[in-house]
Amino acid sequence: MAPNDPDQAPDPLWAQALTLLMEIRAAPQDAELRQAWQRWIGQGPQHQAAWREAERIWLAMGEAIRELPPASPPSPPLLPRRLQRRLPGRRRVLLAAGGGALATALLLAAPELAQGLESRLCADLRSAAGESRAVQLPDGSRLELDTATAIELDLSGAARRLRLLQGQAFITVAPEAARPFLLRCAAVEVATRGAALNLRCLGDRVEIAVQEGQAEARFAGAAGPSRPVALAARQSLSLSLADGAPLALSAPPERAMAWRDHRLVVEQAAPRAVLQELGRYLPGLLWLRGAALGAGRISGVYDLHDIPAALRQVVAPLGGRVRAFSTYLVVVDAP
């Protein structure tokens, strides 16, 4: 089971249970996987206790546990039906304030598993955790998807429309004088007739960075659309998804688009924020244990092709260490 002592390594059985649980959530109809679960949980009380602890962690993340077939011997009870609810569309970060293992844990839910119902049902294009995709659209535009991104497309109307449900994408819009291209993320809409720009929809904000051409961004909330904000080449903007208010200056376009070259470029960023960003490229959980990493800021360039190495690059100078317990569980021990 997950230890109460933050300096103690996670129990291997608990890591196995959490991995198995996440695999079942990723493929709920996989009969062989369900049989493997029955065999694993039937090995004894320690396995059953580890499963209950994994359920507790999953519930703390707000995820639903799908009912599983009866095991033999009987499996431990699953979560009550009233708690079986969908996780919201955006990835959730848990900074637990209670006792036990969660008191010092930062859990980053796997993007591929934690996508909301809307993303699952509406997406025309998706990328998995750690995957990047390039797609040529029928109108001649080109689309690049970052990790864990979901997009809805409609190019058939008087205006071409792209809805970013989750993640980050770069689009090179083919010019069409008669049909504008409208990109939307929640209540933020970006309009252009021919530009190359990056759109990021994560957490509580949308970030727009224009590489070439021109675009206009506006917030279309309940009170009506706001005045458009014009963006030219090499300009960027960050808007609140709550009310459309401009936020702190966005990263320069070159830095915002570095992911296209499989790099993360940060300047004077909080270590936890960097870990959170790197965690988006993992297929499972990133668990930060121990004391805070400090109030300092870090700068660096991190290789998105090798996330474990990038994590070590972040935490090693701060006295931390990185351990991978399974495909779905990477633990960062902070000093």
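This is a tutorial dialogue on reading features of a predicted model.

User: What share of the contacts in the chain joins residues at least 24 apart?

Analyst: Taking contacts between residues at least 6 apart in sequence, 55% join residues at least 24 apart.

User: Next, disulfides. Which residues does a disulfide join here?

Analyst: The general idea is that a disulfide is a covalent bond between the sulfur atoms of two cysteines. To call one from coordinates, the sulfur atoms have to lie within 2.5 Å. By this rule the count is 1 disulfide. C185 is joined to C201, with an S to S distance of 2.1 Å. The pair links distant parts of the chain, as C185 is in strand β8 (residues 181-185) and C201 is in strand β10 (residues 195-202), 16 residues apart.

User: What is the handedness of the link of C185 and C201, and are the two cysteines buried or exposed?

Analyst: The torsion about the S-S bond is 60°, and the link of C185 and C201 is right-handed. Both C185 and C201 are buried.

User: Where is Q268 found, and what is its phi?

Analyst: Q268 is part of strand β16 (residues 263-269). Its phi is near 55°, again a positive value in a residue other than glycine. The cut-off for exposed is over 50% relative accessible area. Q268 has 51% relative accessibility and therefore counts as exposed.

User: Now helix packing. At what angle do α7 and α8 pack, and how far apart are their axes?

Analyst: In general, two packed helices are described by the angle between their axes and the distance between the axes. Here helix α7 (residues 271-279) and helix α8 (residues 307-315) pack at about 180°, and their axes are 10 Å apart. Angles over 145 degrees count as roughly antiparallel. The two helices, α7 and α8, are therefore roughly antiparallel to each other.

User: Which residues in α7 and α8 meet?

Analyst: From α7 come P271, V274, L275 and L278, and from α8 come I307, A310, L311, V314 and V315. By class, this contact of α7 with α8 has 9 nonpolar residues, and no polar or charged ones.

User: Take V274 in α7. Is V274 buried or exposed, and which residues is V274 in contact with beyond its sequence neighbours?

Analyst: V274 is buried, with a relative accessible area of 2%. Setting aside neighbours within four places in sequence, V274 is in contact with L264, V266, A269, I298, Y302 and V314. For V274 and L264, 10 residues apart along the chain, the C-alpha atoms are separated by 8.9 Å.

User: How should I read H305? Where is its place, and how far in space is H305 from D261?

Analyst: H305 lies in the loop between β18 (298-303) and α8. With 62% relative accessibility, H305 counts as exposed. H305 and D261 are 44 residues apart in sequence, and their C-alpha atoms are 9.8 Å apart.

User: What about S156: buried or exposed?

Analyst: S156 is exposed, with a relative accessible area of 68%. The residue belongs to the loop between β6 (150-154) and β7 (160-172). S156 and D139 are 17 residues apart along the chain, with 9.5 Å between their C-alpha atoms.

User: Last, in which helix is A36 found, and how far is A36 from L20?

Analyst: A36 is in helix α2 (residues 31-41). At 25% relative accessibility, A36 counts as partly exposed. A36 and L20 are 16 residues apart in sequence and 8.8 Å apart in space, C-alpha to C-alpha.

Methods: Residues are numbered from 1 along each chain as its sequence is written. This is a predicted model: local features need pLDDT of at least 70, side-chain atom pairs count only at pLDDT 80 or more; totals for chains, interfaces and linings use all residues. Side-chain values use heavy atoms; hydrogens and water are left out. Helices (H or I, at least four residues) and strands (E, at least two) are DSSP runs, numbered from the N terminus. Buried means under 20% relative accessible area, exposed over 50%, partly exposed in between (1.4 Å probe, protein chains only). Contact means heavy atoms within 4.5 Å. Axes are lines fitted to C-alpha atoms, for helices over the stretch in contact, and angles run from 0 to 180 degrees between N-to-C directions. Angles under 35 degrees count as roughly parallel, over 145 as roughly antiparallel, 65 to 115 as roughly perpendicular and the rest as oblique. Ala, Val, Leu, Ile, Met, Phe, Trp, Tyr, Cys and Pro count as nonpolar, Asp, Glu, Lys and Arg as charged, and the others, Gly among them, as polar.
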